[in-house]
Amino acid sequence: MPQFFSRTPVGGRRLSRKLGLHANNSQFTLAGEPFRILGGSVHYFRVPSAYWRDRLMKAKACGINTITTYVPWSLHQPERDVFNFQTQLDLESYISLVAELGLWVILRPGPYISAELDLGGLPSWLLQDENMRLRTTYPGFTDAVNVFFDKLIPKIVPLQFKKGGPIIAIQLDDSYGSYAKDNRYMAFIKEALTSRGVSEMLLTSDLSNGLKAGGVNGDMVSTVREILRRGMSINLYMFHGGTSFGFMSGALGIPSYKAIVPSYDYDAPLSEAGEYTPKYHLLRDLFSRYNTIMYNHLSLWDALSFTEEPFKSATPVNMENLPVNNKNGQSQGYTLYETTITSGGLLKSGDNVRDRALVFVDRRYIGFFKRNTLEMAVPDGEGKRTLSLLVENCGRVHRGKDLDKQRKGLVGDVLLNGTPLRDFTIYSLDMKPRFLCGWGRGVVFINGLNLGRYWSSGPQQALYLPGPFLNSGMNQIIAFEEQEADYKIQLEDTHDLGMTADIK
């Protein structure tokens, strides 16, 4: 059976959006499927926007599947009547980029975020009120929070998981258990979020005696290894720290006052300048052992729902005349023809299959047509059944007197017991980058670029991969496999062109 193998992180999988992130003891599910959060904090406001893609790609290449970030109120609303969500503070663009790269987001919108920022990310103009009680339900504070959330939350809501976005969870405030001046405060924050349309999982982050004031003993890599061994999720704060530019940094007050430096390197896996560290390479090796980068599988039939709408026709239509690609027809790839049959018998192609076709009844493989195989038996069965022909264009003749006879797909009638098949549903599977994805026969893509066909029968046993087709970080390999595969792809430094062979 045709299968698709897509080498993408778990975050890249196409999932049902009805069920978001849920917790069950120490385990999570996403869209009803087991999901391990391998999070890494990368603050958009501490990284130049020109570097966002680079840092996120490096996180993905390491095995991270979820990006966590704070939202600094003080930067987005520096004055009561001034809001800034542009350029470096364009939160929507940052989250959209995370989604583009196939990662999830846990958002931490505060309003208090700590994060070693001046006043913990709260705007200093709040202190103009001599009676101000920060992080409480004091009206002067809650009114200001409501004004900020009225601007912020509408930007977040469309980016939630259930609405097709990458945000799978949202945090309420930050470490309130260590502050706890008002037992009504967290309920206020929850209501402030949900009343504005936040519907994903809500969570808190706090210090715990069990974690010894927020940390664990031992070096970072061994600690992460133990957490993963226990099947738990994790977030690395920070994965990439960046820089607290300008006067962004706050200060420590205990045991004595100390100003915090601008560097937010944090001894993170990626340095302040975005360079790899030994810790990065150790983590990448560790994550790979826990299948955080994995092969995902879709059968052809499951993948059809992700293609363009099929075309219906009473008679067969060849590739070139399909109403696709702005009415320009289909040039290459595969075309799937499906119709209904009510009996078994002898199926004849009449040499109208160009060039090969895998044949299925009710999506079970029964045989194939090729240039010297023009008929096959269709097993008997009861009632209406679906007959499917997956037709491959193996390439048009490039010279000679038959150039005007190079139409592909089904170029004429296919007969069952002498009667032409009719009423087809036709899918154009042209294998463009938008189409999903020991090897038998198929096509390989690298980062959306088609390297060409492969076939175990030869002659060519390796596909050339040019260096410019590769990214410096994560690279995506997609293979459309007609038969079976062992999921292993090898990179070799020599070519294997084999010997010329005829297609039969």
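Asp-355 sits in the loop between strand S17 (353–354) and strand S18 (356–361). Strands here, like helices, are DSSP runs numbered from the N terminus, a strand being E with at least two residues and a helix H or I with at least four. The peptide bond that joins Arg-354 and Asp-355 is cis, with omega about 15°.

This is a predicted model, in which local features need pLDDT of at least 70 and side-chain atom pairs count only at pLDDT 80 or more, while totals for chains, interfaces and linings use all residues. Residues are numbered from 1 along each chain as its sequence is written, and side-chain values use heavy atoms, with hydrogens and water left out.

A cis peptide bond also runs from Tyr-237 to Met-238, with omega near 0°. Met-238 belongs to strand S10, which covers residues 234–240, whereas Asp-355 is in a loop. Most residues other than glycine have a negative phi, and most peptide bonds are trans.

Ala-31 is not a glycine, yet its phi is positive, at about 60°. Its position is the loop between strand S3 (27–30) and strand S4 (33–35). Ala-31 counts as buried because its relative accessibility is 15%; buried means under 20% relative accessible area, exposed means over 50%, and partly exposed lies in between, with a 1.4 Å probe and protein chains only.

Asp-173 likewise has a positive phi, about 50°, without being a glycine. The loop that holds Asp-173 runs between strand S8 (167–171) and helix H5 (185–194). With a relative accessible area of 0%, Asp-173 is buried.

Next come the cysteines. A disulfide is a covalent bond between the sulfur atoms of two cysteines. In this model it is counted as a pair of cysteine sulfur atoms within 2.5 Å, and by that rule there are zero disulfides. Cys-62 is buried, its relative accessible area being 0%. Cys-394 is buried as well, at 15%.

For the chain as a whole, the secondary structure comes to eight helices and 28 strands. The chain has 504 residues, of which 47% count as buried. Its accessible surface is about 25200 Å², and carbon and sulfur atoms account for 51% of that area. Accessible areas come from the Shrake-Rupley method with a 1.4 Å probe, and for residues only the protein chains shown count as cover.
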